[in-house]
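Here's a quick tour for anyone meeting this structure for the first time. Have a look at it, then read on.

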Amino acid sequence: MIKTRVTELLGIDTPILEGGMAIAGNGELAAAVSNGGGLGVVSSNPGWSKQSERTENVRQHLRRAKALTDKPICANMSLQLLGKYAEQHLDMVVEEGLKIVVTSGGSPGVLTQKAKDYGLIVMHVVANVCQARRSEDSGVDIVICEGYEAGGIEGADEITSMVLIPSVVQAVSIPVVGAGGFGRGNGLIAALALGAEGIQMGSAFLATKECHVHQNFKQAIVEADDTGTVMIQRMIGRLSRVIKTPRALQFQDMDKRGAVDEMETLMAAAPSDANIEKAPTMDAQWHGQMGGDMVEGEAAAGQSIAFVQEIKSASDVVRDIAAEA
């Protein structure tokens with residue numbers, strides 16, 4: 001076993017954390033990660049629901065996770081996604097008996113003090129040194145620095161994990177967790193060598209038996225190589241890393257040509273057979289990840305999908321990485 005301040009604070013066996021994973025972060029997956037010795041995390045909106053219904057949606061996933069494990073479980077709180085419901089969401093997390101939260105997509109000062117008043121351990125996701133220092137000043141217990149290799153929305157500065165991790169480690173005294181590009185045991189050792197005390201993984205858990213994304217998405221990950229992802233929507237300031245699909249390549253071409261109007265038109269157009277009540281952009285993400293449309297849909301994933309060779313239990317992913325390390 002690898003012991004660090006992160007494992008001691010969180011009460012886990014292995015310094016491997018599940019990322020928030022947006023609509024992919026369901027309760028069964030979180031339980032499997034925790035049962036493997038890591039820290040399972042239930043996202044702010046697993047499977048997608050309307051904003052007013054998200055808190056109760058997450059409550060059900062937290063209960064599923066708690067029914068499947070007696071290990072620690074964490075709740076992700078995307079401050080941007082939860083908006084005015086963030087405090088209500090935190091109250092629910094406490095009602096469900098959780099002791100750990102991870103905040104992202106906003107200032108660490110928004111909820112940290114209230115969470116600390118509840119006696120919770122608080123982690124916060126950052127993308128540069130300034131954000132890490134602000135997190136420490138706000139009372140955050142653990143800072144998670146997410147590099148450019150990660151899936152989904154990226155930091156505007158596009159700093160890679162190799163540079164970001166040691167920079168943040170040097171800047172703060174609280175424990176640091178590295179994120180972005182991790183999916184093997186040697187990656188965990190590399191993160192420790194850079195001064196981090198654990199790693200966070202999201203893409204490594206997408207193609208697992210417990211993750212509720214579509215089988216087509218899982219298979220696309222298994223088949224992907226080191227060129228399997230692409231950055232999109234750079235021109236409109238919504239930089240995002242996704243699986244390389246025909247839709248993603250359209251966005252990439254528009255970025256190269258500076259075709260902002262075309263990009264906004266494509267983003268506003270829902271997939272042709274969309275039949276769920278969401279914003280068009282979310283329709284495309286749901287369609288790719290949950291609906292399995294690898295043509296018109298979007299599917300967020302990081303560069304570490306190059307390491308995924310098979311679909312297996314998330315518990316085994318954690319155990320195998322720990323054993324290799």
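Leaving aside residues up to four places away in sequence, Arg 133 touches Ala 171 and Val 172. Keep in mind that this is a predicted model. Below are some notes on that arginine, then on the nonpolar cores and the salt bridges.

**Arg 133**
- You'll find Arg 133 in helix α7, which covers residues 129-138.
- Arg 133 has a relative accessible area of 45%, so it counts as partly exposed.
- Thr 208 sits 75 residues from Arg 133 along the chain, and the C-alpha atoms of the two are 35 Å apart.

**Nonpolar cores**
- The largest nonpolar core has 68 residues, and Met 201, Phe 205 and Leu 206 are the ones that touch the most other members.
- Helix α2 (residues 27-35) is the top contributor to this core, giving five residues.

- Side chains of opposite charge can pair when their charged atoms come close.
- The structure has 17 salt bridges.
- One of them pairs Arg 64 with Glu 28, with the closest N and O atoms 3.7 Å apart.
- Arg 64 belongs to helix α3 (residues 54-68) and Glu 28 to helix α2, so this bridge ties together parts 36 residues apart in sequence.
- Arg 64 is partly exposed at 38% relative accessibility, and Glu 28 is partly exposed at 28%.
- Another bridge joins Lys 114 and Asp 91, whose closest N and O atoms are 3.2 Å apart.
- Lys 114 is partly exposed at 24% relative accessibility, and Asp 91 is partly exposed with a relative accessible area of 24%.

**A buried pair and a network**
- Glu 298 and Arg 247 meet through their side chains in a salt bridge of 3.1 Å, N to O.
- Glu 298 is in the loop between α13 (280-289) and α14 (314-324), while Arg 247 is in helix α11 (residues 246-257), 51 residues apart.
- Are these two buried or exposed? Glu 298 is buried because its relative accessibility is 5%, and Arg 247 is buried with a relative accessible area of 5%.
- Finally, salt bridges with shared partners connect Glu 56, Arg 59, Arg 63, Lys 66, Glu 95 and Glu 96 in one network.

Conventions: Residues numbered from 1 in each chain as written. Predicted model: local features only at pLDDT ≥ 70, side-chain atom pairs only at ≥ 80, totals over all residues. Heavy atoms only, no water. Helix = DSSP H or I, 4+ residues; strand = E, 2+ residues; numbered from the N terminus. Buried < 20%, exposed > 50% of the residue type's maximum accessible area, 1.4 Å probe, protein only. Contact = heavy atoms within 4.5 Å. Core = buried A, V, L, I, M, F, W, Y, C linked by side-chain atoms within 4.5 Å. Salt bridge = Lys/Arg side-chain N within 4 Å of Asp/Glu carboxyl O.
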